[in-house]
Amino acid sequence: MLTCFIRYHIDPTKRAQFEQYARNWGQAIPRNGADLIGYYAPHEGSSTLAYGVYNIPSLAEYEAYRARLSADPQGRENYEFAQKEKFILREDRTFLKLASAPHGSRT
């Protein structure tokens, strides 16, 4: 299992648009095959950093998922929304695998 971390640099004056974008992905991402952990908007500290996090079984499955997502009407609409509103200034993706499992129990 891989976890995709997307780091967004957003326009701090357009946080509401980013939050709408995140809610839209909250519907489209799971429907197209990824296990969405969540989207996170700035709250305290940096006003420009936001994150999206989801799990995907493999890079091959990621490619198939991306094809489904780009064909999904809500996915296409959300891409267009981001392009039109220009609230994303930069977007970086990295894929990580869990290295700490199994986790110990809390005492």
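**View 1. The end of helix α3 and residue K86.** Helix α3 is followed by K86, a residue whose phi is positive, near 55 degrees (helices are DSSP runs of H or I with at least four residues, strands are runs of E with at least two, and both are numbered from the N terminus). In this predicted model, local features need a pLDDT of at least 70 and side-chain atom pairs count only at pLDDT 80 or more, while totals for chains, interfaces and linings use all residues. Residues are numbered from 1 along each chain as its sequence is written, and side-chain values use heavy atoms, with hydrogens and water left out. K86 is found in the loop between α3 and β4, and its positive phi occurs in a residue other than glycine. Most residues other than glycine have a negative phi, and most peptide bonds are trans. With a relative accessible area of 56%, K86 is exposed (exposed means over 50% relative accessible area, buried under 20%, and partly exposed in between, for a 1.4 Å probe and protein chains only).

View 2. Within α3, the residues G75, N78 and A82 are buried. Seen down the axis of α3, the buried residues fall within an arc of 60 degrees, so they line one face of the helix (the arc is that of the directions from the helix axis to the C-beta atoms). An α-helix has 3.6 residues a turn, so residues three or four places apart point the same way. The buried residues of α3 pack against α1 (15-31), α2 (59-71) and β4 (88-96), where contact means heavy atoms within 4.5 Å. On the face of α3 turned away from its buried side are the exposed residues P73, E77, E80, Q83 and K84.

**View 3. The cap at the N-terminal end of α3.** D72, found in the loop between α2 and α3, caps the N-terminal end of α3 through a side-chain oxygen that lies 2.9 Å from the backbone nitrogen of Q74 (a polar contact is a pair of N or O atoms within 3.5 Å; within protein, one must be able to donate a hydrogen and the other to accept it, and residues adjacent in sequence count only if both atoms are side-chain atoms). At 10% relative accessibility, D72 counts as buried. Not counting residues up to four places away in sequence, D72 touches A28, R31 and N32.

**View 4. D11, a buried acidic residue.** D11 has its place in the loop between β1 (2-10) and α1. D11 is buried yet has no salt bridge, and the nearest side chain of opposite charge, that of K14, is 4.5 Å away (Lys and Arg count as positive and Asp and Glu as negative, while His and the chain ends are not counted; a salt bridge is a side-chain nitrogen of Lys or Arg within 4 Å of a carboxyl oxygen of Asp or Glu). When residues up to four places away in sequence are left out, D11 touches F87 and L89.

**View 5. Salt bridges.** The structure holds seven salt bridges. One of them joins the side chains of E61 and R68 at 2.7 Å, N to O; E61 counts as partly exposed at 25% relative accessibility, and R68 counts as partly exposed at 33%. The side chains of E85 and K84 meet in a salt bridge of 3.8 Å, N to O, and K84 is exposed, with a relative accessible area of 66%. In the salt bridge between the side chains of R93 and E91, the N to O distance is 2.8 Å; R93 is partly exposed at 32% relative accessibility, and E91 is partly exposed at 34%. R7, R90 and D92 are linked in a network of salt bridges.

View 6. P102 is found in the segment after β4, and the peptide bond from A101 to P102 is cis, with omega near -5 degrees.
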